[in-house]
Amino acid sequence: MGDDIDDARIRRLVIVGGGTAGWLTAALLARALGSQLKITLVESAEIGTVGVGEATIPQILHVNRFLGIDEDDMLRAVHGTFKLGVQLNDFTRVGESYLHAFGDLGLPLGLTPFHHYWLRSRGRPGAHGLWAHSLNAAAAAQNRFARLDKVPNSPLGGIRYAYHFDASLYGQYLRKHIAPGIVERIEGKIVDVRLHAEDGHIESLLLDNGSTVEGDFFIDCSGFRGLLIEGALKTGYENWQHWLPCDRALAVGSAPGGPMRPYTQALARTAGWQWRIPLQTRTGNGHVYCSRFISDDEAAAQLLGTLETEPLGDPRPLRFVTGMRKLAWNRNCLALGLAAGFMEPLESTSIHLVQSGVNRLLAMFPDRHCDPKLIDEYNRQTRFEYERVRDFLILHYKATERTDTPFWRQCGAMEIPPELARRIELFRRTGMIFREGEELFAETGWLQVLLGQRIEPARHHPLADELSDQQLDHFLADVRTLVGRAVATLPPHHEFVARHCGMPAPAEV
Ligand SMILES: Cc1cc2nc3c(=O)[nH]c(=O)nc-3n(C[C@H](O)[C@H](O)[C@H](O)COP(=O)(O)OP(=O)(O)OC[C@H]3O[C@@H](n4cnc5c(N)ncnc54)[C@H](O)[C@@H]3O)c2cc1C
């Protein structure tokens, strides 16, 4: 290798922030590039972390595999449970509920996606709901869970799952999991960021004890404040509040109790929605709301009035602006986590966006010059990913039939991004959905939310007409039988957790 190339290599990488984003990034980079990089992570106990985040999506399992983490050990440490999907309540009409389940829906037959057969069956005698053909949905409905890669003796795929956990504990778990000596942790408050006079790259950080931390490349995981990407580099923020208007949250834990549901609940309220997430040691609750339509006191009253068990403290307030940083990567600084942008946790995407940002960085790992073409490509892909997630979330609000409060009336009437409008219209007219490139949510995710929000396709794909009526009925009935048989073999979720990853009972006093 030539000297020039060698000299330009990034040797010193600095991560600012020790929240979930910071430690997840540190763990992944240490595993991938630990022998080549000196990694330093700066965090401040005085500032602390955002301290919320409890639901994830199945892609998080890749983190465990890559890092060689034992899933049961991790779940014990983070008070975790399993998640099969998100149940969305009252978003379309008050009293209506549907599930966005992970995993497959039915079975494809030939070239035709399953849902076209199901669409064709609507209106036939004895027709069943879509979710009767999903193993994840059927297991969720009965509070059952097991790890199941494949349903034995059947063409059905297995259970696809994610976790509910305490994200702060997850960050700490990852920290302990990093091999000793690879990441240097510095406790201290950054009070200044120094830039190179020539190219405006970040040169060093000044800490409150007078010491400096120098680096070739900086990752900003400093949370909403975006200390480097915004504070120092003035990158700018794109505001999406006109589409995702919620701007505050109140979070409170409540005593564990009731069924340990293997799914997240999102419960629409008069000016936002509430999450309910079962952990082993508590239920996580939070009310995400729009301050233009409800006062903080009223939001707190709605939250506390609908907890299933006793609150474990006072609700903790959080404020945010939905949107994304205009550039996630600017000069020699990459923003991840809340520093890169924020979309409300309706589909639990934030931790995943950190993970995929690190993957993208690894795929495009730069040298110290940070080629602008590479930066452009990273930012182009990041924008694509964020915008598709954003559109998926907007769909939950836009496609409402609720007119009972000013908030929901505004959501139903708002203008939406053209790409989302196109997708909805295509589905309404043809029943067709196409995943674009590597967008996060696959056809089955879009399908469930489109149908759950009562967008009814006018027709199904002509390929689904290849079966006779009788063949169609048999095919769908066979899928339901396979699903039913498979679910009957699964244990209750709480039993599975207790047996495999249950936390030790507290010692008797
Ligand atoms: C209401 C709400 C609910 C959420 N729910 C979910 C969910 O269910 N699922 C999900 O995936 N995500 C969720 N998220 C997002 C999730 O919480 C974050 O993505 C995740 O915790 C990462 O946060 P972070 O590490 O970027 O920031 P933070 O946790 O805020 O960490 C910032 C770090 O930077 C450090 N820092 C800041 N300034 C300085 C300084 N001057 N000097 C030194 N250090 C500094 C801090 O000390 C801290 O260590 C939710 C977020 C909110 C607001």
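**Entry 1: the ligand's place**

I began with the ligand, and I found that it lies between two domains because domain 1 (3-49 + 166-237 + 322-370) and domain 2 (54-70 + 85-163 + 248-318 + 395-503) both give residues to the shell around it. The domain bounds come from an automatic or database domain assignment. I noted that this is a predicted model, where local features need pLDDT of at least 70, side-chain atom pairs count only at pLDDT 80 or more, and totals for chains, interfaces and linings use all residues. Residues are numbered from 1 along each chain as its sequence is written, and side-chain values use heavy atoms, with hydrogens and water left out.

**Entry 2: the shell**

How many residues surround the ligand? I counted 34, and the closest are Gly18, Val52, Ala55, Ile190 and Ile351; a residue is near if one of its heavy atoms lies within 4 Å of the molecule. The shell holds 16 nonpolar, 14 polar and four charged residues. For these classes, Ala, Val, Leu, Ile, Met, Phe, Trp, Tyr, Cys and Pro count as nonpolar, Asp, Glu, Lys and Arg as charged, and the others, Gly among them, as polar. Helices α2 (20-33) and α10 (350-363) each supply at least two residues of the shell; a helix here is a DSSP run of H or I with at least four residues, numbered from the N terminus.

**Entry 3: polar contacts**

Next I looked for polar contacts, meaning pairs of N or O atoms within 3.5 Å. A polar backbone atom of Ala55 is 2.7 Å from a nitrogen atom of the ligand. For Val50, a polar backbone atom lies 3.0 Å from an oxygen atom of the ligand. Gly19 has a backbone N or O atom 3.5 Å from a ligand oxygen atom. The protein covers 97% of the 1,000 Å² of accessible area that the ligand has on its own, by the Shrake-Rupley method with a 1.4 Å probe.

**Entry 4: cavities**

I found three cavities of 30 Å³ or more. On a 1 Å grid over the protein atoms alone, a cavity is a set of points where a 1.4 Å probe fits but cannot get out, and lining residues have an atom within 4 Å of a point. The largest cavity holds about 80 Å³ of space. Its lining includes Asp104, His133, Asn136 and Val483, and divides into four nonpolar, six polar and one charged residue.

The second largest cavity holds about 60 Å³. Of its 13 lining residues, Leu336, Ala340, Leu353, Thr382 and Tyr386 lie nearest its centre. Both α10 and α11 (372-398) give two or more residues to this lining.

**Entry 5: a pocket**

Last, I checked the second largest pocket, a pocket being an open set with protein on both sides within 12 Å along at least five of seven lines. About 500 Å³ of space lies in it. Which element gives the largest share of its lining? I found that α10 does, with six residues. Ser356, Asn359, Arg360, Glu385 and Glu438 lie nearest the centre, out of 19 lining residues. This pocket lies between domain 1 and domain 2, because both give residues to its lining.

Terms used:
Polar contact = N/O pair within 3.5 Å; in protein donor to acceptor, adjacent residues only side chain to side chain. Points joined across faces, edges and corners; volume = space filled by probe spheres on them.
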